[in-house]
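Visitor: Could you walk me through this structure, a few spots at a time?

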Amino acid sequence: MPPILDISELRKSYSDGFEALKGVSLQIEAGEIIALLGPNGAGKTTLISTVCGITTATSGTVAVGGYDIIRDFRAARSMIGLVPQEINLEPFEKVINTVRFSRGLFGRAPDDAALERILRQLSLWDKRNNQIRELSGGMKRRVLIAKALSHEPRLLFLDEPTAGVDVELRKDMWEIVEGLKADGVTIVLTTHYIEEAEAIADRVGVIAKGELLLVEDKESLMARMGQKQLDVQLSEPLADVPKALHKYNLTLCDNNRTLTYSYDTRAERTGITKLLSDVSAAGLVLRDVVTRQSSLEDIFVGLVHDDKEGAQ
Amino acid sequence: MNWTAIRAIYLFEMARFFRTLAQSLISPVLSTSLYFVVFGAAIGSRIQEIEGVSYGSFIVPGLIMLSVITQAISNASFGIYFPKFIGTIYELLSAPVNFLEIVAGYVGAAATKALFIGVIILITAFFFVDVQIAHPLAMVAFLLLTCLSFALLGFIIGIWAGNFEQLQLVPLLVVTPLVFLGGSFYSISMLPPAWQTISYFNPVVYLISGFRWAFFGTADVPIGLSLLAIAGFTTVCLLVIGWIFKTGWRIRQ
Ligand SMILES: Nc1ncnc2c1ncn2[C@@H]1O[C@H](COP(=O)(O)OP(=O)(O)OP(=O)(O)O)[C@@H](O)[C@H]1O
Ligand SMILES: [Mg+2]
């Protein structure tokens with residue numbers, strides 16, 4: 001089976017000459033959730049808009065489910081659902097009508113039962129006869145999702161689905177995403193919230209300045225780049241790191257009461273056993289031992305930061 | 001053809017019309033009634049018959065055209081400008097539809113609304129003056145073609161407009177003068193020869209003349225020429241719209 005989304009060497013220059021995408025390539029397999037992380041202006045929305053046909057690519061190709069988005073635009077686009085970043089809705093329209101419109105626009109025969117299921121799933125059924133302007137911000141965002149789901153897409157783009165959404169609703173959103181994944185929908189979401197990517201994505205892509213810096217399995221990304229720290233807390237403060245422990249590159253912190261050791265979880269030997277026995281051989285008394293793992297956020301900040309330095 | 005999509009756009013647009021039905025109908029009916037009172041009864045009684053038709057009846061085709069053209073343009077231009085303005089155009093651009101289907105939906109709805117209003121005005125006219133329709137079929141055909149072609153023009157204006165002022169600009173500065181000077185309220189033959197010649201450059205003249213022929217059997221220009229003019233105008237609009245969607249002008253970055 002071809003990948004559900006196949007982006008190859010995609011470039012986009014806007015009419016003012018600004019190059020928002022600088023040759024992005026990305027393959028996405030059916031059924032996965034991929035999170036695109038990147039600072040403001042990185043090119044996330046541009047990437048999504050180009051795949052969906054809202055902007056035209058300057059060069060490069062995109063295929064959805066094996067269909068080229070230009071040549072076979074009908075087949076390609078019928079598979080795509082898009083939840084845009086901005087809340088764009090007709091204020092005076094009723095919820096049910098705008099969802100019905102979306103379904104028809106994508107060429108699907110009317111199916112009120114399907115629409116009811118989607119609206120119930122998004123807790124919008126009670127509001128179906130309300131005008132959009134009578135809904136709260138979070139509800140409007142869910143109407144956008146309902147519109148995107150109304151034509152049963154195989155590939156769903158969520159452009160910052162949880163921006164400006166409270167914690168409760170964000171958790172709801174994650175559940176909805178999980179449910180869609182269970183139905184076999186492939187999901188590409190953009191977000192600024194690292195914990196969001198950490199919580200729901202299978203793979204993570206990092207975009208900055210129009211370039212895809214990396215795409216990797218979330219677990220392996222965290223394991224590969226995830227340094228672990230071991231804090232050895234001492235009962236008595238130390239004046240200095242004992243000479244016998246210099247080879248471990250320890251740092252002394254917490255008013256000289258804690259020795260911190262960094263190691264790679266995937267290394268053959270972490271050196272922990274040796275370290276601990278050397279610590280007791282040096283006559284230090286342990287109060288506690290704690291390990292910490294860096295989050296995706298640390299990794300992300302590191303990557304984007306490195307990139308900035310590299311550009312200078 | 002994605003007929004489901006055309007239908008969805010059409011129904012969505014018509015729903016907007018029916019939601020504000022009273023507003024949509026009151027103003028054209030009221031203004032037409034005023035025209036009949038002022039030009040038909042008050043002033044018209046002092047104007048002699050034109051080509052054997054009383055002045056009140058003579059202005060009926062022109063009045064219908066005036067309203068239908070204005071309505072077709074404003075409905076179609078607003079219909080496509082509004083999604084651009086509030087951002088919902090993203091959905092149209094990302095849907096599996098081609099430009100013909102989008103145009104068919106929006107222009108079809110705008111033309112239907114204009115037709116609706118044209119018919120209402122005709123009915124209103126029956127209450128004020130004596131109207132006979134010599135060629136009913138031709139009358140319907142002209143009405144339909146006018147609704148359609150000016151809805152196409154309105155669609156182009158809606159795509160072109162960058163703000164609400166521009167949306168009003170073309171109808172106000174170009175269309176209204178053309179319609180008024182196109183013989184809505186007089187016969188071209190009543191003008192001095194120089195102005196007659198100039199008038200023949202006004203496309204609306206051909207429309208109104210043809211439409212009036214359908215009512216009274218007399219025309220300023222041959223009926224064939226009228227048909228040719230409106231067909232040509234429709235083609236030009238279609239070509240422009242085709243070009244717009246091909247290049248993404250003003251809609252796709
Ligand atoms: N229509 C446009 N014309 C010119 N430049 C544009 C246009 N749209 C976006 N850009 C530029 O392209 C770059 C990428 O924008 P984009 O919206 O894709 O970023 P993003 O990653 O989605 O950011 P955010 O997280 O803020 O949503 C930005 O520098 C932006 O200014
Ligand atoms: Mg964005």
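Predicted model: local features only at pLDDT ≥ 70, side-chain atom pairs only at ≥ 80, totals over all residues.

Guide: Residues are numbered from 1 along each chain as its sequence is written, chains are lettered from A and ligands numbered from 1 in the order in which they are written, and side-chain values use heavy atoms, with hydrogens and water left out.

Visitor: Is Ser94(B) buried or exposed?
Guide: Buried means under 20% relative accessible area, exposed over 50%, and partly exposed in between (1.4 Å probe, protein chains only). Ser94(B) has a relative accessible area of 6%, so the word is buried.

Visitor: Which residues does Ser94(B) touch, leaving out those up to four places away in sequence?
Guide: A contact needs heavy atoms within 4.5 Å. On that basis, the list for Ser94(B) reads Cys52(A), Ile54(A), Arg77(A), Leu82(A) and Phe106(A).

Visitor: Which residues coordinate the magnesium ion (ligand 2)?
Guide: Donors are N, O and S atoms within 2.8 Å of the metal (3.2 Å for Na, K and Ca), and water is not among the atoms, so sites may look incomplete. Here the donor atoms are OG1 and OE1, at 1.9 to 2.1 Å, and they belong to Thr45(A) and Gln85(A).

Visitor: What is the relative accessibility of Thr45(A)?
Guide: Thr45(A) counts as partly exposed. The value for Thr45(A) is 30%.
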